[in-house]
Amino acid sequence: MELTQLQYFVELAKNENLTQTASKLFISPSSLSVSISNLEKELGIRLFDRVGRRLYLNTYGLTFFKRVEPLLLSLEYAKDEVRDMNQERDGTVFVATTSPNIFQKAFFSFLKSHPQFKLSQISLRLDQVDSADLLHKYDFLLASPTDFAVPQELASSVLYDNDYAILVLHPDSPYAHCRQIDLSQLRDEPFIALSPGYSSRKLFDEVCANAGFVPRIVMECDYTMRAYMVMQSIGMTIATAHTKKLGYCGEAATIPIIPFTPRAQNVYWNPDRYQGLAAQAFLSYIRKYFQDMSF
């Protein structure tokens, strides 16, 4: 049994498509097929059930996969660790986020303080957060604890839990003078929202649902366009006090929404994944960055 066979098996088990997996591995489909067949012959069992062009792990294959994948990951972590010891690793920390706009300044501050490291960031929709191998790909996930069902095996740390939902509206709106507002009285007003599938849109929907109504959304857009459309009197929107503090609300008026809707952000990581020097520095820094932050 060769290491390459096991690596090929794990990739095929994840993808369940011979042609696509071969392309990802930069080998021919026939070579991949032969490698898997040889592995099955050595084990004396079939690992996949074949239906047309698709391959599906059977009971034997699933059991084998659950044992082999952690071993290969441990091997990768061991390689990273010894490279760090020899200072040959490139010092990159890989971070996934569900609300990238609120972490921009924190990322900038980290890089200014640690110029010897690099940061690779990717923004995720909520349906991507549920990926089983999420924290095998990234060192950390920065997300709200309401974004996904958090697996028990993940480690986590609260970055802050004192943020809250606010209404963002044009300064000339008749509601702009309010010190706080019950959202239920705005059920007939036009709203601007982020596109479905994002963390902040989930918050938007939950705040409206808590107020007992389905909002009349006149436009769905991204973060950068939202404040502009509010200032053009297209509608109002829902953001957070942290968003306001970062300046994303521009000249728009902002009002705390009642009942109070708390908003937290956590950092998650896989405790079995080896943390290199860059990852260790990032975790320490991001925790301190948000320490004692008020909104």
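Visitor: Looking at contacts between residues at least 6 apart in sequence, what share joins residues at least 24 apart?
Guide: In this protein, that share is 76%. Contact here means heavy atoms within 4.5 Å. Keep in mind that this is a predicted model, where local features need pLDDT of at least 70 and side-chain atom pairs count only at pLDDT 80 or more, while totals for chains, interfaces and linings use all residues. Residues are numbered from 1 along each chain as its sequence is written, and side-chain values use heavy atoms, with hydrogens and water left out.

Visitor: Okay! How many helices and strands are there?
Guide: You can find 11 helices and 12 strands. They are DSSP runs numbered from the N terminus: helices are H or I with at least four residues, strands are E with at least two. The C-alpha atoms fill a box of roughly 75 × 50 × 30 Å along the principal axes.

Visitor: And how much of the protein is buried?
Guide: Of its 295 residues, 47% count as buried. Buried means under 20% relative accessible area, exposed means over 50%, and partly exposed is in between, using a 1.4 Å probe and protein chains only.

Visitor: Which residues have the most contacts inside the largest nonpolar core?
Guide: Those are V93, F140, L142, L159, F282 and F290, in a core of 25 residues. A nonpolar core is a set of buried Ala, Val, Leu, Ile, Met, Phe, Trp, Tyr and Cys residues joined through side-chain atoms within 4.5 Å. In soluble globular proteins, nonpolar side chains tend to be buried together.

Visitor: Which element gives this core its largest share?
Guide: That is α11, with 7 residues. Other elements giving two or more residues include β3 (92–97), β5 (140–143) and β12 (262–269).

Visitor: Can we zoom in on L142? What does L142 touch beyond its neighbours within four places in sequence?
Guide: Its contacts include V95, F103, F107, L159, V267 and F282. There is also a second, separate core of 21 residues, which includes Y175, F191, A253 and I257.

Visitor: New topic: is V230 buried or exposed?
Guide: V230 is buried, because its relative accessible area is 0%. V230 sits in helix α9 (residues 223–231). Not counting residues up to four places away in sequence, V230 touches V168, L169, H170, I192, G235, M236, T237 and A252.

Visitor: What about R201, buried or exposed?
Guide: R201 counts as buried, at 9% relative accessibility. You will find R201 in helix α8 (residues 199–210). Leaving aside neighbours within four places in sequence, its contacts are A193, L194, S195, P196, I217 and E220.

Visitor: How many disulfides are there?
Guide: The count is 0. A disulfide is a pair of cysteine sulfur atoms within 2.5 Å.

Visitor: Let's go outside. Which residues form a nonpolar patch on the surface?
Guide: M1, L43, I45 and Y60 do, with about 370 Å² of accessible area together. Accessible areas come from the Shrake-Rupley method with a 1.4 Å probe, and for residues only the protein chains shown count as cover. Patches are made of residues with over 30% relative accessible area and no salt bridge; like charges are joined within 9 Å, and nonpolar side chains (Val, Leu, Ile, Met, Phe, Trp, Tyr) within 5 Å. A salt bridge is a side-chain nitrogen of Lys or Arg within 4 Å of a carboxyl oxygen of Asp or Glu. Y60 is exposed at 52% and lies in helix α4 (residues 59–85).

Visitor: Last one, the backbone. Which peptide bond is cis?
Guide: The one from I258 to P259, with omega near 0°. P259 is in the loop between β11 (253–258) and β12. Most residues other than glycine have a negative phi, and most peptide bonds are trans.

Visitor: What is the phi of F26?
Guide: F26 has a positive phi of about 60°, although it is not a glycine. F26 is in the loop between α2 (18–25) and α3 (29–43) and is exposed at 78%. S233 has a positive phi too, near 65°. S233 is in the loop between α9 and β10 (237–240), and its relative accessible area of 53% makes S233 exposed.
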